[in-house]
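Please look through the structure shown below and follow the report that accompanies it. The sections take up the chains, their sheets and their helices in turn.

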Amino acid sequence: MLEIIYRYPDLSLFLALMVIGYSCGTIAEKRHYKSIIKREQELVKLMVVNAEGRFAEGAVRTSFLVNGSTVVSNDYFKRLLAILRNIFGGRVKAYESLIDRARREAILRMKEEARTRGAHMIVNLRLETSTIGRSANKKNSIGSIETLAYGTAVVMNRP
Amino acid sequence: MILTNVGSVPGKKIVEHFGIVQGSTVRAKHLGRDMMAGLKNLVGGELKGYTELLQESRQEAMDRMAEQARQLGGNAVINIRFATSSVAQGAAELFAYGTAVRVE
């Protein structure tokens, strides 16, 4: 075993990175999904719509802008999978789950901010995704991805 | 200063329009954060350093936009939109724009 590592240092480093990436990435993803689902259930009462609301006169006390954002990147193993996918085409599942997680996290952060400031609902939600980081300008490579959610939080005049 | 991203200020009447106001900032992260992000790239997941950095810069862009609206004599900015683009390696531009108005 040691002899193999000694003889092929590059290959063993590559394999080690893949194993680390796969195990840490999978554990982190499961944990993250669990926390997302739990927090989504807590915040389900705070309404979010992506239409411009119409309010009766005197119904609204104040309104303000809220936003939430997340920057994520994929692990080593999944990146390799995605590169392999590039050859055959088709769904890149590894990235689907990553972006889904990031977007839901961004919405949750926005809702948390709105709740701490006492809002009753959020109107006109907008979502945005952009690539940043070292490899953002290179072709055929995905660096870190930023997802941003923003909207207008509304505080109502409740009787 | 009231900031909203809907076409009006909910519950208030707009009395005067001042046109487009904008604010932008170009930021690069410092070396330590960049190295940590590089390490984090290995295992994937959220890059907290970048998230904080971008939130700070976005706040700054919004402050600049609000300042511009204040200079024009407005007390609210409506229909705000955000945009992000990477202008150079390791630097990102954050851009916010909206319409400056005066409400009652």
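## Chain B as a whole

In chain B of this predicted model, residues 24 or more positions apart account for 76% of the contacts that have a separation of 6 or more. Chain B has 104 residues, of which 39% count as buried.

The secondary structure of chain B consists of 2 helices and 5 strands, and, read from the N terminus, these elements follow one another as β-β-α-β-α-β-β.

## The sheet within chain B

Four of the strands of chain B form an open sheet with mixed pairing, in the order β1-β4-β5-β2. The edges of this sheet are β1 (2–3) and β2 (14–28) of chain B, each of which pairs on one side only. Strand β4 (residues 76–88) of chain B pairs with strand β5 (residues 91–103) of chain B in the antiparallel sense, over 9 bridges, and within this pairing B:Arg81 has B:Tyr97 in β5(B) as its bridge partner.

A helix accompanies this sheet: α2(B) lies across β1, β2, β4 and β5 of chain B, and its direction runs at about 145 degrees to that of β2(B).

Strands of a sheet pair through backbone hydrogen bonds, and they do so either parallel or antiparallel. A second open sheet, also described as mixed in its pairing, has 5 strands in the order β1(A)-β3(A)-β4(A)-β2(A)-β3(B). Its edge strands are β1 (47–48) of chain A and β3 of chain B, each pairing on one side only. Helix α2 (residues 48–72) of chain B packs on this sheet, where it touches β2, β3 and β4 of chain A together with β3 of chain B, and its direction makes about 145 degrees with that of β2(A).

Within the sheet, β2(A) and β4(A) run antiparallel and are joined by 12 bridges, with A:Val66 standing opposite A:Gly151 in β4(A). The step from one chain to the other is made where β2(A) pairs with strand β3 (residues 45–46) of chain B, again in the antiparallel sense, over 2 bridges; here the bridge partner of A:Val72 is B:Glu46 in β3(B).

## Where the chains meet

How many residues of each chain take part in the contact between chain A and chain B? The contact involves 40 residues of chain A and 29 residues of chain B. On the side of chain A that touches chain B, at least two residues come from each of α2, β2 (60–73), α3, β3 (121–132) and β4 (144–156) of chain A, and β2(A) gives the most, with 9 residues. By class, the residues on this side of chain A are 18 nonpolar, 15 polar and 7 charged.

## Two packed helices in chain A

Two packed helices are described by the angle between their axes and the distance between the axes. In chain A, helix α2 (residues 9–42) and helix α3 (residues 76–88) pack at an angle of about 105 degrees, with their axes 6 Å apart, which makes α2(A) roughly perpendicular to α3(A). On the α2(A) side the residues that meet the other helix are A:Leu17, A:Met18, A:Gly21, A:Tyr22 and A:Gly25, and on the α3(A) side they are A:Tyr76, A:Phe77, A:Lys78 and A:Leu80. This contact has 6 nonpolar, 2 polar and 1 charged residues.

## Helix α4 of chain A and a buried alanine

Helix α4 (residues 93–116) of chain A has 24 residues and reaches 35 Å from its first C-alpha to its last, close to the 34 Å expected at 1.5 Å a residue. Its buried residues, among them A:Leu98, A:Ala102, A:Ile107, A:Met110 and A:Ala114, pack against α2, β1, β2, β3 and β4 of chain A. After α4(A) comes A:Gly118, which has a positive phi near 85 degrees.

Why does A:Ala153 count as buried? This residue, which is found in strand β4 of chain A, counts as buried because it has 24 C-beta neighbours inside 10 Å, where 20 or more are required. Leaving aside neighbours within four places in sequence, A:Ala153 has contacts that include A:Ser63, A:Phe64, A:Val66, A:Ala114 and A:Ile122. The C-alpha atoms of A:Ala153 and A:Glu113 are separated by 9.4 Å, although the two residues are 40 residues apart along the chain.

Note on methods: Residues numbered from 1 in each chain as written. Chains lettered and ligands numbered in written order. Predicted model: local features only at pLDDT ≥ 70, side-chain atom pairs only at ≥ 80, totals over all residues. Axes fitted to C-alpha atoms, helices over the stretch in contact; angles between N-to-C directions. Parallel < 35°, antiparallel > 145°, perpendicular 65-115°, else oblique. Contact = placed C-beta atoms within 7 Å. Nonpolar A, V, L, I, M, F, W, Y, C, P; charged D, E, K, R; others polar. Pairing = 2+ DSSP bridges. Buried ≥ 20, exposed ≤ 12 C-beta atoms within 10 Å, placed from the backbone. Expected span 1.5 Å × (residues − 1).
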